[in-house]
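Please look over the sequence and the model below before reading on.

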Amino acid sequence: MFPFSAKKPPEPVMTRDEAMALAPVASRDVQVSETAGGLVQLSVPVSVRPALAGLARRFGAWDGRVLRKTVELDAVGTFVWRMIDGQTTVGEIGAALATRYRLDADEARLAVAEFLRQLGRRGAVGFAAPAGGAGEEKAEECLRRPKG
């Protein structure tokens, strides 16, 4: 036996169907604006590591205000963002994207899921489960599970 084995990939917390049944919700911390061309710009708060924040304060490089990062979405991202209302599910947004841009339905759903996952990592969106559904219990379990 080799003492150092490869890490096993983490088991998925929920199935793809359960993930597609979640409804994305825009974060309250995100500031949304529109460019002259009609595209959406998101201003997302950026977290600063405590050690770096302390150093930056000592050297006068940071005054403690919330730092923000601006992200400009393309036409497809803008279309998806405008569909985020807390009611429309990831699967429904994917189906609408497939219809609008004449894409394969499965590819569109997966692309929307990945896009929303990236927005979630940046803190721009969260996900709500349909009320009373099995996904609600899974979503609550995910929120209680420690990160890492």
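A residue is called buried when its relative accessible area is under 20%, exposed when it is over 50%, and partly exposed in between, using a 1.4 Å probe and protein chains only as cover. This is a predicted model, in which local features need pLDDT of at least 70 and side-chain atom pairs count only at pLDDT 80 or more, while totals for chains, interfaces and linings use all residues. Residues are numbered from 1 along each chain as its sequence is written, and side-chain values use heavy atoms, with hydrogens and water left out.

**Overall architecture**

- The protein has six helices and five strands, where helices (H or I, at least four residues) and strands (E, at least two) are DSSP runs numbered from the N terminus.
- Read from the N terminus, the order of these elements is α-β-β-β-α-β-α-α-α-β-α.
- Of the 148 residues, 26% count as buried, and the protein exposes about 10800 Å², of which carbon and sulfur atoms supply 54%; these areas come from the Shrake-Rupley method with a 1.4 Å probe.
- Among contacts with a separation of 6 or more, 64% are between residues 24 or more positions apart, a contact being heavy atoms within 4.5 Å.

- T89 lies in the loop between α3 (75–83) and α4 (90–101), and at 15% relative accessibility T89 counts as buried.
- Leaving aside neighbours within four places in sequence, T89 is in contact with M20, A21, L22, A23 and P24.
- A23, found in strand β1, is buried as well, with a relative accessible area of 5%.
- Not counting residues up to four places away in sequence, A23 touches G86, Q87, T88 and T89, and also G126, F127 and A128.
- The C-alpha atoms of A23 and D85 are separated by 7.9 Å, although these residues are 62 apart along the chain.

- Which residues of α3 are buried? In this helix G77, T78, F79, V80 and W81 are buried.
- The cover over the buried residues of α3 includes the strands β1 (23–26), β2 (31–34), β3 (40–46) and β5 (125–128), together with α4 and α5 (105–121).
- D74 caps the N-terminal end of α3, with a side-chain oxygen 3.3 Å from the backbone nitrogen of V76; a polar contact is a pair of N or O atoms within 3.5 Å, where within protein one must be able to donate a hydrogen and the other to accept it, and residues adjacent in sequence count only if both atoms are side-chain atoms.

**Aromatic pair**

- Rings of Phe, Tyr and Trp (its six-membered ring) pair if their centres lie within 6.5 Å, with planes under 30 degrees apart counted as stacked, over 60 as edge-to-face and the rest as tilted; by this rule the count comes to one aromatic pair.
- The rings of F79 and Y101 have their centres 5.9 Å apart and their planes at 90°, so the pair is edge-to-face.
- Because F79 lies in helix α3 and Y101 in helix α4, the pair ties together parts that are 22 residues apart in sequence.
- F79 counts as buried at 15% relative accessibility, whereas Y101, at 31%, counts as partly exposed.

**Salt bridges**

- The structure holds three salt bridges, each defined as a side-chain nitrogen of Lys or Arg within 4 Å of a carboxyl oxygen of Asp or Glu.
- E34 forms a salt bridge with R82, the closest N and O atoms being 3.0 Å apart; since E34 lies in strand β2 and R82 in helix α3, the pair ties together parts that are 48 residues apart in sequence.
- E34 is exposed, with a relative accessible area of 55%.
- R109 pairs with D106 at 2.3 Å between the closest N and O atoms, and, being three residues apart in helix α5, R109 and D106 are separated by about one helical turn.
- R117 and E114 meet in a salt bridge at 2.4 Å, N to O, and these residues too are three apart in helix α5, about one helical turn.

**Loop and surface features**

- R102, in the loop between α4 and α5, has a positive phi of about 55° although it is not a glycine, and R102 counts as exposed at 79% relative accessibility.
- F59, in the loop between α2 (50–58) and β4 (67–72), is exposed, with a relative accessible area of 69%.
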